Amino acid sequence: MNLKNKKVMKNILTTLFCIVSFAAFSQSFNTTFPHPGFGDQVELEETGYRVMGFGNNITGNHLLVIHTNKYGDTLQVRKIYFDFDFFSPSFTLRSASDRDGNHYVNMSSNNDSVSLIKLSPNWQEVWRKNLTNNQSEITALLVTDDNHIIAAASKKLYKLDTNGNIIWQQNYGEANAFRTRGYSIHEVANGDLFLYASDEIHEGFNITYEQKLRIFDQDGIQKDSIPLPLFTFSSLPYEENFICLGTSLSSNYPNGHYLLYRHDINGFIYDEKEFYLTEGAILYWLVENHEGNLVAAGNGANGLVLHCMTKEGDSLWTRVISNDTDITPMDMKLAADGGYVISYFFESNDGSTYPGLIKTDAMGNISGLGFDESNITRKVKVYPNPASEYVVFELETPIHSATITLSDICGRQIATIAVTGEKTVWQTKGLKPGMYLYHLKTQDGFGSGKLLVGSGKKQ
């Protein structure tokens, strides 16, 4: 084989390697599990992922734990039964793990108590604790920096040590509230606890909801109660403050009304930014991706919805992952490769529910080589692809005020390219061979695609 043919073969192999590497690295999948139950929570493990929820079969109700590898293939299934006379699964599982690898799970509730279970790192029961409470189940759990457990139930907050001893319990919520549901808890640097909750107010046949951020000190004393603008299911630490996703559940906003806002350590709200989604989604979870942007997840009329935006609230892209069955997403985590892992459940034809797990790539696509491209993306020609020295972005019709952002497969931004006409030529010099993702942003919408860059050496 002469030198020229060797170079050609090397470039072909490099291109194939990039494609295979990208497909393997993205690890995108949609997996359902044949075990009746729910996919209430997903966690990252060294070998892959862990899906947890309450299960049910002819043997009885149980805690269902499914361990998978990074491709979504099942490695181990655990069904942990408890001989509770009063056992009835909570609607949504909540769990937290301490610094020693023990697991704490809300397991059941009845008319006058809720229960918390401690499981060892290998999922053996250590203790169970019944907590007096006359409404609802445990809806939020947190392990603090000093290795204590904070459990939020309706109208009552508990702090326990790892042996199950109650350190303090604190009533909260408005006196006229029928119930108060906590959605999430954060611990801040000074040890204060931030509890995002909703008060359900009954006035005759009229039901209203009041959203509050309640701040507690380390001893459980409530320091403040701050009204929130919308339902706040998810919030993230941001510098010394917090950035929150507010969601409207009102029928007055069929296309989804959202508010990205920040508050400081004292609960003072500032920098509010409204946005809407035409998919009519309800967004629940918020994560920061490897590029430093925010990704929110929820469900809409056409499937699971992922929406990416800057920390200032400027929209970047939206993905709708449709499914043969109507799925209900329950939890989302950021994966090590920059993609997103979403646990869910779906209802079969016989009324049974089953858990599932979706893993996307860094751009929210379910398939690394099969992008869910929007109409605007299909109007863009990208050539040569694979590219070596340059790439041309050609628009079907001229678009003003457009930009193209180029990212690697981890979501890290590589370049921002201004679109100045129907054809924009951009030099790929300096880029390492591999797969990249381009994102077109215009006044009319967004779109994404893939670009393969090969060796820049001439043949």
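Two strands count as paired if DSSP finds at least two bridges between them. I kept that rule at hand for the β31 entry. The model I am reading is predicted.

**Entry: β31 and its partner**

I looked up strand β31, residues 402-408. Six bridges join β31 to strand β32, residues 413-419. The two strands run antiparallel. I then picked one position across the pair. Leu406 stands opposite Ala415 in β32. Next I asked how many residues of β31 are buried. Six of its seven are, and I noted the strand as mostly covered.

**Entry: the largest pocket**

I turned to the open space in the model. The largest pocket holds about 1400 Å³. Its lining takes in 46 residues. Which of them lie nearest the centre of the pocket? I wrote down Arg94, Tyr183, Ser184, Phe233 and Trp285.

I sorted the lining by residue class. I found 21 nonpolar, 15 polar and ten charged residues.

Then I went through the strands. Those that each supply at least two lining residues include β2 (41-44), β6 (95-97) and β10 (140-143). I also listed β14 (177-187), β15 (193-203) and β18 (231-238) on that count. β22 (282-288) and β26 (327-334) belong there too. Which strand gives the most to the lining? It is β14, with eight residues.

**Entry: cis peptide bonds**

A cis peptide bond joins Tyr383 and Pro384, with omega about -15 degrees. I found Pro386 in the loop between β29 and β30 as well. The bond joining Asn385 and Pro386 is cis, and its omega is about 15 degrees.

I looked at Lys155 and noted a phi near 65 degrees, a positive value in a residue other than glycine. Where does Lys155 sit? Its place is the loop between β11 (149-153) and β12 (156-160). Is Lys155 buried or partly exposed? Its relative accessibility is 23%, so I count Lys155 as partly exposed; the buried class stops under 20%.

Asp271 was my other check. It is not a glycine, yet its phi is positive, about 50 degrees. I placed Asp271 in strand β21, residues 269-276. At 47% relative accessibility, Asp271 therefore counts as partly exposed. The exposed class needs over 50%.

Conventions. Residues are numbered from 1 along each chain as its sequence is written. This is a predicted model: local features need pLDDT of at least 70, side-chain atom pairs count only at pLDDT 80 or more; totals for chains, interfaces and linings use all residues. Side-chain values use heavy atoms; hydrogens and water are left out. On a 1 Å grid over the protein atoms alone, a cavity is a set of points where a 1.4 Å probe fits but cannot get out, and a pocket is an open set with protein on both sides within 12 Å along at least five of seven lines; lining residues have an atom within 4 Å of a point. Grid points are joined across faces, edges and corners, and a volume is the space filled by probe spheres set on the points. Helices (H or I, at least four residues) and strands (E, at least two) are DSSP runs, numbered from the N terminus. Ala, Val, Leu, Ile, Met, Phe, Trp, Tyr, Cys and Pro count as nonpolar, Asp, Glu, Lys and Arg as charged, and the others, Gly among them, as polar. Buried means under 20% relative accessible area, exposed over 50%, partly exposed in between (1.4 Å probe, protein chains only).
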